[in-house]
Structure formats: C-alpha cells, structure tokens
Amino acid sequence: MQIQTAHGPAEATLDGPDRPAFLLVLTHGSNGGVEAPDLLAVRDVALGLDGAVARVVQPFRLAGRRAPGSAVKQDEAWLEVVGALRERFGDVPLVQGGRSNGARVACRTATAAGVAGVIALAFPLHPPGRPEKTRVDELRGAGVEVLVVNGDRDPFGVPDAADAAHVAVLPGERHDLNRNPAEAGRAAEPWLRRWAASPARTAR
C-alpha cells in the first residue's frame, strides 16, 4: 500500500485480517528496513493476537536517503500515514512503534495519532558515547504508555525504569536486537493484549 504524504510517498506492508482486533503500525530506524528481526518478531506476536500489522517504509527511506532530516517533517509525514491506515482499518485500537529512530517518531507523535500505546524497540537514549545528549524527553513526553525493549549492551544507552511504563532489558543484546529477536516479541505480547482491549481512540 503506497501512501502519499506532503513529504513524499511512504509504503506500508500489510499483514493480518481485514477486520482486526487492533492495528499495529511499525517502522524502521534511520538506516534500516521493515525486515529487521525484532520488528518481524513483534509483528508475528500481533498476528497471533488477531491484530493487523502495517510495516511502514517512511518517505526518506523510500527516496533512498539514510537520514530522516527534519524531525518536524518526519512527524508530519508519519501522521499522514497513520491517518490513511486509520481510514483503511476503521475504528479499532491503534498501537504504534518502531526501532531506534522509528521508536522516537512513535513517541513524538503518539498523542497526535491518538494511539493506545507505543512499542519502542532499541530506543536510542543518546548518541554513542554522548550521554549528555539525552533524548529522554521524547520518551517521557509520549503522553501514553510506552513499552521500551532495549539490549543491555546497547551503545545508544538504556532508559531507566522510570522513563516508560515498562522497560524490558534483554541480556546480551546490542542495538540491533538480533541475537534472539523472539524475546522482543515475548516482551511485547502482554502489552499488545492490554492495548488491544482498550477503547478505540481517534486522533486529536
């Protein structure tokens, strides 16, 4: 499914039923794709709960760029994508998430998108070696419950337990969360069940 935005086209790969219990919208990191093992693990869990999953390639990646550029434009495009997906799937509970930079987008836009919750995979708390450049305000300011799943060896840092509704720290994992990606899915499962039971919300 290709979705036109003010900042170029995005592309959503859809899996699951046409009339799902909930919709999960996931996206990639700055230089990654929607086939990342942790994204696929969370997708598979959502499908097992009768959810539909949209894995979104954002406009900057579809255009071949490796960096997202302006956060304002990135967030504007993301909200257009979410709006189009809401039209496609109707009034069902919506959860959004992503890995790395995609987790930042999901947190920044959570309130505007009207989501029930956010899954933040490998949330990049700070640039490697620069803990003073913290991005914790994006996490704390999401306005909804956020599940963080990070590896304990992530050079981008690990959020504190107080920074989100729950912080799952996976032993032995680095930023790519690819040593045992099924653990990311297991961490997400109870939260997807919880959010799927939430009343559907509309974007404000």
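**Loops, sheet, helices and salt bridges**

Reply: Ala161 has its place in the loop between strand 7 and strand 8; helices (H or I, at least four residues) and strands (E, at least two) are DSSP runs, numbered from the N terminus. This is a predicted model, in which local features need pLDDT of at least 70 and side-chain atom pairs count only at pLDDT 80 or more, while totals for chains, interfaces and linings use all residues. Residues are numbered from 1 along each chain as its sequence is written, and side-chain values use heavy atoms, with hydrogens and water left out.

Me: Is Ala161 buried or exposed?
Reply: Buried means under 20% relative accessible area, exposed over 50%, and partly exposed in between (1.4 Å probe, protein chains only). The relative accessibility of Ala161 is 64%, so Ala161 counts as exposed.

Me: How many Å apart in space are Ala161 and Arg174, C-alpha to C-alpha?
Reply: In sequence, Ala161 and Arg174 are 13 residues apart. From C-alpha to C-alpha, the spacing of Ala161 and Arg174 is 18 Å.

Me: What is the order of the eight strands in the open sheet?
Reply: The pairing in this open sheet is mixed, where two strands pair if DSSP finds at least two bridges between them. The eight strands have the order 1-2-4-3-5-6-7-8.

Me: Which residue stands opposite Leu26?
Reply: Strand 3 (residues 23–27) and strand 5 run parallel and are joined by five bridges. The residue in strand 5 that stands opposite Leu26 is Gly97.

Me: What angle does the direction of helix 7 make with that of strand 7?
Reply: Helix 3 packs on the sheet, with its direction at about 135 degrees to that of strand 1; contact means heavy atoms within 4.5 Å. Helix 7 (residues 182–196) also packs on the sheet and touches strand 3, strand 5, strand 6 (117–121), strand 7 (145–151) and strand 8. Axes are lines fitted to C-alpha atoms, for helices over the stretch in contact, and angles run from 0 to 180 degrees between N-to-C directions. Between helix 7 and strand 7 the angle is about 175 degrees.

Me: How is helix 3 placed relative to helix 4: roughly parallel or roughly perpendicular?
Reply: The two helices pack at an angle of about 70 degrees, with their axes 10 Å apart. Angles under 35 degrees count as roughly parallel, over 145 as roughly antiparallel, 65 to 115 as roughly perpendicular and the rest as oblique. Helix 3 to helix 4 is therefore roughly perpendicular.

Me: How many of the eight residues of helix 4 are buried?
Reply: Among the buried residues of helix 4 are Asn101, Val105 and Cys107. Helix 4 is largely enclosed by the rest of the structure, because the number of its buried residues is seven.

Me: How many residues apart in sequence are the parts that Asp38 and Arg99 tie together?
Reply: A salt bridge is a side-chain nitrogen of Lys or Arg within 4 Å of a carboxyl oxygen of Asp or Glu. The side chains of Asp38 and Arg99 form one at 2.4 Å, N to O. Asp38 belongs to helix 1 (residues 37–48) and Arg99 to strand 5 (residues 94–99), so the pair ties together parts whose separation is 61 residues.

Me: What is the phi of Ser100?
Reply: Ser100 is in the loop between strand 5 and helix 4 and is buried, with a relative accessible area of 12%. Although Ser100 is not a glycine, its phi is positive, at about 55 degrees.
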